[in-house]
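Good morning, and thank you for coming.

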Amino acid sequence: MEGSLKVLCILVLLVIVGTVNGAGPCGKSTPDQEAMSLAPCATAAQDINAAVSSSCCAQVKRIGQNPSCLCAVMLSDTAKNSGVKPEIALSIPKRCNFANRPVGYKCGPYTLP
């Protein structure tokens with residue numbers, strides 16, 4: 001009986017740790033890690049008139065399946081340090097012509113168009 005209680009306690013602890021580790025807006029990745037995958041979007045995230053590349057759109061589409069992750073990535077320290085302008089970066093899903101983009105999603109002080 002005592003051995004099974006120890007096993008149960010260990011399993012509960014593992015579930016809690018697993019939940020905490022995957023509890024961020026981007027799951028097990030941090031927004032800063034995800035921001036690195038958006039390198040093809042650097043110019044488009046700084047200049048509203050810049051063309052958005054297909055590789056940028058592909059990465060934004062992948063991350064944008066979770067709007068809270070996309071928001072966290074666009075407002076991350078990595079994005080800020082790269083010169084990303086959030087109000088411009090958040091226009092990328094619209095500029096990529098995504099039909100199912102999260103229109104009106106609040107992202108900090110910004111709203112996805």
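Is C69 buried or exposed? Please bear in mind throughout that we are looking at a predicted model. C69 has a relative accessible area of 5%, and the cut-off for buried is under 20%, so C69 is buried.

Let us now consider the element to which C69 belongs. In helix 4, C69 is buried along with L70, C71, A72, V73 and M74. Helix 4 spans residues 67-74, and because six of its eight residues are buried, the helix is largely enclosed by the rest of the structure. What, then, covers the buried residues of helix 4? The covering elements include helix 2 (31-36), helix 3 (54-64), helix 5 (77-81), helix 6 (86-89), helix 7 (92-95) and strand 1 (106-107).

The largest nonpolar core has 24 residues, and L38, V60, V73 and I92 have the most contacts inside it. Helix 3 and helix 4 each supply at least two residues of this core. Helix 4 gives the most, with five residues. As an example of the packing, take L38: apart from its neighbours within four places in sequence, L38 is in contact with Q59, V60, I63, V73 and M74.

My last topic is the disulfides. How many are there? The count comes to four, and I shall describe three of them.

We return to C69, which a disulfide joins to C26, with an S to S distance of 2.0 Å. C26 lies in the loop between helix 1 (2-21) and helix 2, whereas C69 is in helix 4, so this pair ties together parts that are 43 residues apart in sequence. The torsion about the S-S bond is about 100°, so the disulfide is right-handed. C26 is also buried, with a relative accessible area of 12%.

Finally, C57 and C96 form a disulfide. C57 lies in helix 3 and C96 in the loop between helix 7 and strand 1, so the pair ties together parts that are 39 residues apart in sequence. With -90° about the S-S bond, this link is left-handed. Both of its cysteines are buried.

Counting bonded cysteines along the chain, the disulfides follow the pattern 1-5, 2-3, 4-7, 6-8. Thank you for your attention.

How values were computed: Residues are numbered from 1 along each chain as its sequence is written. This is a predicted model: local features need pLDDT of at least 70, side-chain atom pairs count only at pLDDT 80 or more; totals for chains, interfaces and linings use all residues. Side-chain values use heavy atoms; hydrogens and water are left out. Buried means under 20% relative accessible area, exposed over 50%, partly exposed in between (1.4 Å probe, protein chains only). Helices (H or I, at least four residues) and strands (E, at least two) are DSSP runs, numbered from the N terminus. Contact means heavy atoms within 4.5 Å. A nonpolar core is a set of buried Ala, Val, Leu, Ile, Met, Phe, Trp, Tyr and Cys residues joined through side-chain atoms within 4.5 Å. A disulfide is a pair of cysteine sulfur atoms within 2.5 Å.
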